[in-house]
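Dear colleague,

I am passing on the structure below, with my notes following it.

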Amino acid sequence: MVELGSMAVAAMVWIFRSVGGRSEAAPDQALEAALGRLRATVQAQLGSDPALVRLETEAVEGAPAPSEQTRRRVVGALEAAGSRDAAFAAKLRRAVLEVQQTAASQRRLTV
């Protein structure tokens, strides 16, 4: 689940940068839809978790990468949620895989 959490964090950073106008490139509709589903999955589970809020703040403020502490906290929150809720873990896995496959087909985003 750690690797999955790390991939989700990388995608969430890209999403937050895109929303904050700091992304290098805008996604096409397919990638935007996949990223939207990942974001909805994570936010539905973590809500206003302080680690997720911090991740968004760092991304929007233009940090080149999330701080190690923030990354660990979000990954930990995702791991904890996934260990408590198998349905969420499966949904997160599907959402991350969809982003990876869509991005790879377009060679747009490395997650």
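This is a predicted model: local features need pLDDT of at least 70, side-chain atom pairs count only at pLDDT 80 or more; totals for chains, interfaces and linings use all residues.

Does Thr70 count as buried or exposed, and at what relative accessibility? At 3% relative accessibility Thr70 counts as buried, since buried means under 20% relative accessible area, exposed over 50%, and partly exposed in between, with a 1.4 Å probe and protein chains only.

Residues are numbered from 1 along each chain as its sequence is written, and side-chain values use heavy atoms, with hydrogens and water left out.

The protein has five helices and zero strands, where helices (H or I, at least four residues) and strands (E, at least two) are DSSP runs numbered from the N terminus. The average pLDDT, the predictor's confidence in each residue from 0 to 100, is 84, and 86% of the residues score at least 70. Confidence is lowest in helix α1 (residues 2-19), with a mean of 75, and highest in α4, with 94. Of the 111 residues, 39% count as buried.

To return to Thr70, this residue sits in helix α4 (residues 68-84). Once neighbours within four places in sequence are set aside, Thr70 is in contact (heavy atoms within 4.5 Å) with Ala51, Arg54, Leu55 and Glu58.

The side chain of Thr41 reaches the backbone oxygen of Arg37 at 2.8 Å, and, not counting residues up to four places away in sequence, Thr41 touches Phe88, Lys91, Leu92 and Ala95.

Phe88, Leu92 and Ala95 are also among the buried residues of α5, a list that includes Val96, Val99 and Thr102. Helix α5 (residues 86-106) has 21 residues and spans 30 Å from its first C-alpha to its last, close to the 30 Å expected at 1.5 Å a residue, the expected span being 1.5 Å times one less than the number of residues.

Finally, among contacts between residues at least 6 apart in sequence, 71% join residues at least 24 apart.

With best regards

Conventions: A polar contact is a pair of N or O atoms within 3.5 Å; within protein, one must be able to donate a hydrogen and the other to accept it, and residues adjacent in sequence count only if both atoms are side-chain atoms.
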